[in-house]
Every structure is written in C-alpha cells, then in structure tokens.
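Colleague: Could you take a close look at one part for me, the protein surface around the DNA strand? I'd like the contacts and who makes them.

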2 protein chains.
Amino acid sequence: MLFRIDPSSVEPLFQQLVDQVRVAALRGDLPPGTRLPAARALAASLEINLHTVLHAYQVLRDEGVVELRRGRGAVVVDRGTADLAPVHDAVAGLVAAARALGLAPGATLGLVKDALATEEAR
Amino acid sequence: MLFRIDPSSVEPLFQQLVDQVRVAALRGDLPPGTRLPAARALAASLEINLHTVLHAYQVLRDEGVVELRRGRGAVVVDRGTADLAPVHDAVAGLVAAARALGLAPGATLGLVKDALATEEAR
DNA sequence: TAGTTGTTCTGTGCCAACTAGAACAAGCAG
DNA sequence: CTGCTTGTTCTAGTTGGCACAGAACAACTA
C-alpha cells in the first residue's frame, strides 16, 4: 500500500494517485475487496490535502475501479473474470519497440493517445 | 495539412497541436522537408493565438521533430532511417487488446504511462 | 451510543494556459 | 538594397484548474 506522490511533478497530485491505484488494481497488486486507506489517513501520510485524496477517490469511483461508502472507505471493485494478460503483454511490447528506436516517451504516449482517440471516434 | 483543434477539450490547445503534428510526422504523412504553415497563418486558420502556435512549434523543436528558422518557418526534420513500423504495430495491438477487454482509454493510457515511467527510472 | 469515513459547502491562493499588442532580428525574393 | 515574411522576445491581462483550509453533515461500523 505504498503510494508515492511527487509534488514537483507537472502531473496533478490527484492524477498521480489515480494512476497508481488504477495500475495497482489492474495488475492485481490490489485484489478485489482490498480496502484502501481512509482519505484522511492517506492525506496525512502523503502530506497532501484531504480534498485532493477525495478527488482521486471519486475519479476512481467514476471509472469503476473502487466503491465508496461512508464509514467503510474505498474498496477495490471485483471486475468480472477479465484476464488482463494480453494488455500487459501488449504494453510491454510497445515499450520495448519504442525503446529500441529511441522514441521519446512523449512521442510514444502521443501515438497511443491518438490511436485511442481515433478508435473512440468510431 | 489539416489540423483540428477542440477548444472544449481538457487537453491544452498547444498540446493538441503538438500531438497531431508529431503523429503526422512519425506516420510519414509529413515527410522530412515538409514546411508547416507559418505560425501566424496557422493561428488564424485555427482561430487561436499566435503565441499558442509558437509554443507548440517550440515544443516540437525541443523534441527534434521540426526545425525553426526565421523567414523560413517550421520544417519537418529528417530523422535517420529508423523504421517505425514495429511501434505502429505494437500500438495497434495494444489498442485492440484494450478494446477487447472494454478497458477505459484512461486506464490504457495509465498503464502505458506507468510502464514508460518505470522504464525511464532505470 | 460513539467513532469512523465519505459528502458537501465556502473561501482562498497559486500557477499554467490562453489571449493580446508590440517591437525586434534573421532570412527570402524582388 | 528594399520590402516582405517569419520566428523571437517582452509585457500584461484574464480565465480556469489545482491544491489547500476549515467546517458541518450523513451514513456506516463497532
């Protein structure tokens, strides 16, 4: 349960949290049913504001990653029997290909973003 | 040479331009030597500010995508003989895998972002 | 009942993004 | 050389997102 926040990053703090929790959940590091730290506790340990953590939690709820209930906290949702192995393999392959050509991270992300957007528009 | 800008997008205007030009250049739609529209002309046609276009051009210059010179404009740089086919294939594979599992675009991007960051940190 | 935890509200400060206008310097074409 | 084009640099103002802060409230747990 160790999340790391970089206050000097250009990436918004809440976005960093969202990305880390989502990746951990998708990778299985946070199995369905896992209870995330209470917003106030996490805010204190990360030395950021309560509202920033809550914002991240609400984004994750909107994405269906976690479930929020008062008194119980944020719990990782059980998502079907979907096997994410193909996606993880594809990601690994892409990173390897980009690295082999010395492609900048920004450029690689741009290509994926574009492909996803084009896909979306159909 | 038709770039499209969505003023209502959460993505910054200059970033949209950067992504589109970069993708076009990487895909070969903008062959090395191609001259981009003058900043003032492009700003007028996209109905955005001159400085916003210039900012995008400068980011592209920093990434080595284009070359800027006064009086001549922005020209697409000739970058070696690198064949980007493997990367494009990898991107296509990833998008297909993500789509097959109904993975949200944000989640897919998050996985790639994380993988690139992890790669970067070594 | 008492404590925990998410929800909602108000307000403040900061900074990136965008816009606007202007002057300047390097290159191109006549 | 002259005039035009084009990127570079500067100042300045507006807007909106992000983060922070404090408080009260509602639902759930033990």
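Modeller: Quick ground rule: a residue is near a molecule or strand if one of its heavy atoms lies within 4 Å of it. This is a predicted model, where local features need pLDDT of at least 70, side-chain atom pairs count only at pLDDT 80 or more, and totals for chains, interfaces and linings use all residues. Residues are numbered from 1 along each chain as its sequence is written, chains are lettered from A and ligands numbered from 1 in the order in which they are written, and side-chain values use heavy atoms, with hydrogens and water left out.

Now DNA strand C: of its atoms within 4 Å of the protein, 61% are sugar or phosphate and the rest belong to bases. By class that's 9 nonpolar, 7 polar and 7 charged, with Asp, Glu, Lys and Arg counted as charged, Ala, Val, Leu, Ile, Met, Phe, Trp, Tyr, Cys and Pro as nonpolar, and the others, Gly among them, as polar.

Down at atom level, B:H51 puts a polar side-chain atom 2.4 Å from a base oxygen of DNA strand C. Helices (H or I, at least four residues) and strands (E, at least two) are DSSP runs, numbered from the N terminus. α3(A) gives the most, with 4 residues.

Conventions:
A polar contact is a pair of N or O atoms within 3.5 Å; within protein, one must be able to donate a hydrogen and the other to accept it, and residues adjacent in sequence count only if both atoms are side-chain atoms.
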